[in-house]
Amino acid sequence: MRIAVVGSGYVGLVTGACFADLGHEVVLVDNDEQKLSALRDGEVPIHERFLPELLARHRGQRIKFSGDLQGAVRDSAAVFIAVGTPPTETGDADLSYVESVAREISGAVDSYKVVVEKSTVPVYTSQWVRTVIMRNGADPASFDVASNPEFLREGTAVSDFLFPDRIVVGAESDRCAQVLREIYAPLTSGAYYAQPDAIPRPDRAQIPPRLIVTSTKSAELIKHASNAFLAMKISFINAVASVCESVGADVQQVCEGIGTDSRIGPRFLNPGIGYGGSCFPKDLMAFRAVAKECGYDFRLLDEVIRINEEQRHRFLRKVRGVLWTLRGKRLGVLGLAFKGGTDDIRESPAILLVQELLREGCRISAYDPAAMERAKEVLNSNVEYTLDAYEAASGADALLVLTEWEEFAALDLARLRKLLKYPIVIDGRNLYDPAVMAAHGFSYHSVGRPEAQANDLPAGARRPGKTEHS
Ligand code: UGA
């Protein structure tokens, strides 16, 4: 099928590349000429596993890049809108980019088209998109608007797209639903997975995936409700971790105990310094705003957001509780991205914490495997960026772990201990086993677990009393 994807950001690029891998002819449309020429030259603007391979495989053949939106619409049977929906000051999603794309599409509807919302949008957006396309002159019988939310995680977006838990299609007519069924047929029939060059199947993937057809409003709500539920799981376990700290329990053991209940499940129950990224914080605010507008005060979401913010303040109090004063201290920081496996620092709790520590007068040596270039754009010059984790730890008063990169979990602990000025590790992501850390001579502080103290610590590295638990 010929498909236009409007917007070549995270969602658009991944969607376009994956559709091409399913055998479709894709035009990726963007109004940023510089971006388009970089993409045509083979650059891959985001850090995303398998994306470079897919773009290289299909660039110039099944994927074309274009600045001509109307031309792309005329040439396509389906048009996916994947432009940004940034938050406004009040937390609502700013839908002006979606609206302007809808306006432009209108003038190019010359045969039956399915216009698909792929960006995360509030309920009722598809109705507005339909209204805008009609108001600008398109014949109502010549197009349908569908909602096909994505559930991609940054870092694993390509695998998530090609091996989804489910595909959600919100459509108001059989004709429209049928177009989307055809687009996803290589996945739902299992044909894609039999291809020798298919992207490798992730461990947990159930194939072939189910395609769920709903109304457009339900599909729009499914996306917001899914992200809100996942964020709620994280805030819930973070709140439980705080109780664990107060009573001296171990949140890891609690997670194992509750996560094995199949109704709850073990995933998204990792406590830490709170969720970040370009999706959860924005989508929770947008969901809260749209619910309010529709007459429901979704206060549970306020609490999820509050707990998430509090988690960072607790971590900061923990750092103060361990190090006493902060002015002039040199801290090694591992991780700046909002999570492991990505170079994205948007709403990164790690960045917010580093900014706070800088305000308190700390000197920071930071290392992140992918996000340092982006971090340099937002952090001041009091941050030194290092070549690896060991250099960040070298001579530091303490080491802070702020992002859950797998490579941090595999560091040589004996080497780290030798490099640090004091063998203190404050881990915001629970990457290490406290007993192992104590055995390696660290004073180790994590989230929701009793602190571990080495027996052979020099007296100066010991702190009187316990970690601050309030
Ligand atoms: C999230 C959702 O997981 C995707 O399903 C959704 O499609 C996407 O948002 C979106 O709306 O586009 P993403 O933002 O890439 O994906 O990141 P996640 O892997 O969900 O992590 C979000 C944040 O939660 C990170 O800061 C991570 O460190 C944190 N997190 C995650 C925890 O603190 N604990 C956990 O157990 C899991």
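These legends describe close-up views of one predicted protein model with its ligand. Residues are numbered from 1 along each chain as its sequence is written, and side-chain values use heavy atoms, with hydrogens and water left out. Because the model is predicted, local features need pLDDT of at least 70 and side-chain atom pairs count only at pLDDT 80 or more, while totals for chains, interfaces and linings use all residues.

**View 1. The protein is split into three parts: domain 1, domain 2 and domain 3.** Domain 1 covers 2–213, domain 2 covers 223–307 and domain 3 covers 311–445. These bounds come from an automatic or database domain assignment. The C-alpha centres of domain 1 and domain 2 are 29 Å apart.

**View 2. Domain 1 meets domain 2.** Here 18 residues of domain 1 contact 13 residues of domain 2; contact means heavy atoms within 4.5 Å. The two domains bury about 1200 Å² between them, with 59% of it on carbon and sulfur atoms. Buried area is the accessible area (1.4 Å probe) that two parts lose on being put together, summed over both. In domain 1, G91, T120 and R204 lose the most area to domain 2. Together they give 31% of what that side buries.

**View 3. One salt bridge links domain 1 and domain 2.** A salt bridge needs a side-chain nitrogen of Lys or Arg within 4 Å of a carboxyl oxygen of Asp or Glu. K223 pairs with E150 in a salt bridge, and their closest N and O atoms are 3.4 Å apart.

**View 4. The ligand sits among 20 residues.** L152, E154, K223, N227 and E404 come nearest. Which atoms of the protein lie by oxygen atoms of the ligand? K223 places a polar side-chain atom 2.7 Å from a ligand oxygen. For R429, a polar side-chain atom is 2.9 Å from an oxygen atom of the ligand. The protein covers 93% of the 710 Å² of accessible area that the ligand has on its own. Accessible areas come from the Shrake-Rupley method with a 1.4 Å probe; for residues, only the protein chains shown count as cover.

Conventions. A residue is near a molecule or strand if one of its heavy atoms lies within 4 Å of it. A polar contact is a pair of N or O atoms within 3.5 Å; within protein, one must be able to donate a hydrogen and the other to accept it, and residues adjacent in sequence count only if both atoms are side-chain atoms.
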